[in-house]
Amino acid sequence: MPQAIRFYQTGGPEVLRWESVEVPAPAPGEAQVRHHAVGLNYIDTYHRSGLYPVPLPSGIGLEGAGVVEAVGEGVGDLRPGDRVAYAGGPLGAYAQLRNLPADRLVQLPEAVTFEQGAAMMLQGLTAQYLLRRTYRVQAGDTILIHAAAGGVGLIVCQWAKALGATVIGTVGSDEKAALARAHGCDYPIVYTREKFAERVREITGGAGVPVVYDSIGADTFMDSLACLRPLGTMVLFGAASGPVPPFDIGLLAKMGSLFLTRPTLFTYTAQRQDLLAMAGELFDMVISGKVKIEVNQRYPLADAAQAHRDLEGRRTTGSTVLLP
């Protein structure tokens, strides 16, 4: 029988179990995918910990790449043998074999490896909507991206640089600063010894930036707002340090009529035509070489708990994949 990671209660990485699962024939509208690689993302830890509640028991993981083994009735655009990748629900990517709604799968170009596909779909599609839809970055913009040496951060740095933007990024160490700089970050800020809001004002001559991309949450939120110029956009797309506490939205007026949004990939890809267009743009950027997807860590899928420990301990950089 195929194996998968499941959890029966929320908590630390130790709640993750490697066990045999039954995988029935795909239902109408579904495709059965045998994974060659599975993506590791910070949102996985939110599901496991209970920060984002899910019905239990549950599978875990939102991203993978592999080969279609079978299709259900009514699936016309996929066939067995197709290389595919996906990002988004339903949960359960930490598995050797699974069934998925076929309309959530995209064809993986031959020029993109399974590991790259698993590593880039959630993070790369996130970077796409951040840079091209939530706030459309233009040549000449100066942007701030937190966790610039993380999976989304490294893609955002490269993509924004290709668009002609100046990139400021926060990182946790000199090693991560060097990594971010090598991927297009013009001004890495080591937040453990520099106050990033003061440094951003210094870099921009006091003007501030038009957009901040913040996946950290509680620890950075107020200082991120302070980095924005009038009419700037605060994009809160994660909460690695915990959720932002309630605050007086009147502050947005006082700080310069700021915009605040809390986007999710699931909303941006809800319509299949949007998913396909976003994935197409992402694949084009990767195949062109303007965005390089580098898998810096690999773990056996059975060792998902250790992968979670390293991710939460900030011992990873860039993208990580789990290998079934």
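# Reading strands, crossovers and helix packing

Trainee: Which residue in S2 is the bridge partner of Gln 3?

Mentor: Ser 20 in S2 is the bridge partner of Gln 3. The model is predicted, so to speak of a local feature takes pLDDT of at least 70 and side-chain atom pairs count only at pLDDT 80 or more, while totals for chains, interfaces and linings use all residues. Residues are numbered from 1 along each chain as its sequence is written, and side-chain values use heavy atoms, with hydrogens and water left out.

Trainee: In what sense do S1 and S2 pair, and over how many bridges?

Mentor: Strands of a sheet pair through backbone hydrogen bonds, either parallel or antiparallel. Here strand S1 (residues 3-7) and S2 are antiparallel, with 4 bridges; two strands count as paired if DSSP finds at least two bridges between them. The open sheet they belong to has 3 strands, ordered S2-S1-S4, with antiparallel pairing. Its edge strands are S2 (17-20) and S4 (58-59), each of which pairs on one side only.

Trainee: What is the order of the strands in the open sheet of 6 strands?

Mentor: The order is S11-S10-S9-S12-S13-S14, and the pairing is parallel. S11 (187-190) and S14 stand at the edges with a single partner strand each, so one side of each is left without a neighbour in the sheet. From one strand to the next, the twist averages 15°.

Trainee: Which residues pair around S13?

Mentor: S12 (residues 209-214) and S13 (residues 228-236) are parallel over 5 bridges, and Val 211 has Thr 233 in S13 as its bridge partner. On to S14 (residues 259-261), S13 makes 3 bridges, again parallel. Thr 233 is bridged to Phe 259 in S14, and Met 234 to Leu 260.

Trainee: Which elements make a β-α-β unit with S12 and S13, and what is its hand?

Mentor: The hand is read with the strands pointing away from the viewer: a path from the first strand over the helix to the second that runs clockwise is right-handed. S12, helix H6 (residues 221-226) and S13 make a right-handed unit. S10 and S11 are also parallel, over 4 bridges, and Gly 169 has Pro 188 in S11 as its bridge partner. The chain goes from S10 through helix H4 (residues 174-182) to S11 in a right-handed β-α-β crossover.

Trainee: Which strands does H5 lie across?

Mentor: Helix H5 (residues 196-203) lies across S9 (142-145), S10 (166-171), S11, S12 and S13, at about 155° to S11. Angles run from 0 to 180 degrees between N-to-C directions, and axes are lines fitted to C-alpha atoms, for helices over the stretch in contact.

Trainee: At what angle do H2 and H3 cross?

Mentor: The axes of H2 (residues 114-134) and H3 (residues 151-162) cross at roughly 45° and come within 9 Å. That makes H2 oblique to H3: under 35 degrees counts as roughly parallel, over 145 as roughly antiparallel, 65 to 115 as roughly perpendicular and the rest as oblique. Residues in contact (heavy atoms within 4.5 Å) include Leu 130 and Leu 131 in H2 and Val 152 and Trp 159 in H3.

Trainee: How does H2 pack on H9?

Mentor: H2 and H9 (residues 272-288) pack at about 100°, their axes 9 Å apart, which means that H2 is roughly perpendicular to H9. By class, this contact has 10 nonpolar, 2 polar and 4 charged residues. Nonpolar covers Ala, Val, Leu, Ile, Met, Phe, Trp, Tyr, Cys and Pro, charged covers Asp, Glu, Lys and Arg, and the others, Gly among them, are polar.

Trainee: Where does the chain have a cis peptide bond, and which residue other than glycine has a positive phi?

Mentor: Most residues other than glycine have a negative phi, and most peptide bonds are trans. A cis bond joins Leu 56 and Pro 57, with omega about -5°; Pro 57 is in the loop between helix H1 (42-49) and S4. Leu 231, with phi near 70°, lies in S13.

How values were computed
Helices (H or I, at least four residues) and strands (E, at least two) are DSSP runs, numbered from the N terminus.
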